[in-house]
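I am opening a new page for the charged pairs and the strand pairing of this chain.

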Amino acid sequence: RTRGRPINWQSWSPDGRLVIFSSIGNGIFEARADGASQPHELMPSNVLRSVGSFTPDGKRLVYTEAPNNGIWTVPVFDEGGHLKAGTPEPFLKSTVSDLLPAFSPDGRWLAYQSNESGTNEIYVRAFPAPTSGPGSKWQISNNGGTYPRWVRTGHDLLYQSGDQILT
C-alpha cells in the first residue's frame, strides 16, 4: 500500500514481471505487473525518491532523491518472491537538480536530465563511474532536453526538447 499518497515515477523490471514505483513521501515499492498481489515496500523513505531504471541484469536500481539531490544506485535481489534492496550508493553527488536517470540496455551508460547549466539538458555518464581521467560526462542535448529514454537496441537515446522528440 502507498497509504493514499500519489505515485510519481515508475519502471518495469527487466523481465517485465514487476513494476517499481515511487510514492511521494513513502519510498519505493514493487508490484506484480499482473496485479496478483498488493504492492510491497522495497525502500521506505520520508523524502522524495524517484525511480529511474534497472541495469539489464536486474541487479541494480537507479533513483534520485530530494532534497539531497544527486543520483543513487542500490543493489536489489530476489528474496522469497519479492525484491530486497541492499545499501544505497551515491553515483553522482550534486547541488543541482538531476532527474530521470536511465541505464542503457547494455548497462554501460547512465543518461539523466540536469539543470546544471541553468536549463534542463540531457547528459550521459559511464557506469560504473570512472575513478579518474577525462571523459566522465557528455552533454547530449544542445537546446534543452528532458525525459531521456534509451531505445531497446541501445544505439539511440530519445529525449524531449520543447514539443519535439529527438535522438
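Before reading any accessibility, I wrote down the cut-offs: a residue is buried under 20% relative accessible area, exposed over 50%, and partly exposed in between. I also noted that this is a predicted model.

**Entry 1, Asp78 and its partners.** I looked up Asp78 and found a relative accessible area of 47%, so Asp78 counts as partly exposed. Arg17, at 35%, is partly exposed as well. These two residues form a salt bridge, in which the closest N and O atoms are 3.6 Å apart. I then checked where the partners sit: Asp78 belongs to strand 7 (residues 71-79), whereas Arg17 lies in the loop between strand 1 (7-12) and strand 2 (18-23), and the pair links distant parts of the chain, 61 residues apart. For the whole model, I noted a count of seven salt bridges.

Are Glu65 and Arg49 buried or exposed? I found that both Glu65 and Arg49 are buried. Their side chains meet in a salt bridge, with 2.8 Å from N to O. Because Glu65 lies in strand 6 (residues 60-66) and Arg49 in strand 5 (residues 48-54), this pair ties together parts that are 16 residues apart in sequence.

I next looked up the salt bridge between the side chains of Glu116 and Lys137, where N to O is 2.6 Å. Glu116 is in the loop between strand 11 (109-114) and strand 12, and Lys137 is in strand 13, so the bridge ties together parts that are 21 residues apart in sequence. I recorded Glu116 as partly exposed, with a relative accessible area of 38%, and Lys137 as partly exposed at 31% relative accessibility.

Which residue stands opposite Lys137 in strand 13? I found Arg125 there. I then traced strand 12 (residues 121-126), which runs antiparallel to strand 13 and is joined to it by three bridges. Both strands belong to an open sheet of four strands, in the order 10-11-12-13, with antiparallel pairing. Its edge strands are strand 10 (98-103) and strand 13 (137-139), each of which pairs on one side only. Finally, I noted that neighbouring strands of this sheet are turned by 25° against each other on average, direction ignored.

Conventions:
Residues are numbered from 1 along each chain as its sequence is written. This is a predicted model: local features need pLDDT of at least 70, side-chain atom pairs count only at pLDDT 80 or more; totals for chains, interfaces and linings use all residues. Side-chain values use heavy atoms; hydrogens and water are left out. Two strands pair if DSSP finds at least two bridges between them. Helices (H or I, at least four residues) and strands (E, at least two) are DSSP runs, numbered from the N terminus. Axes are lines fitted to C-alpha atoms, for helices over the stretch in contact, and angles run from 0 to 180 degrees between N-to-C directions. A salt bridge is a side-chain nitrogen of Lys or Arg within 4 Å of a carboxyl oxygen of Asp or Glu. Buried means under 20% relative accessible area, exposed over 50%, partly exposed in between (1.4 Å probe, protein chains only).
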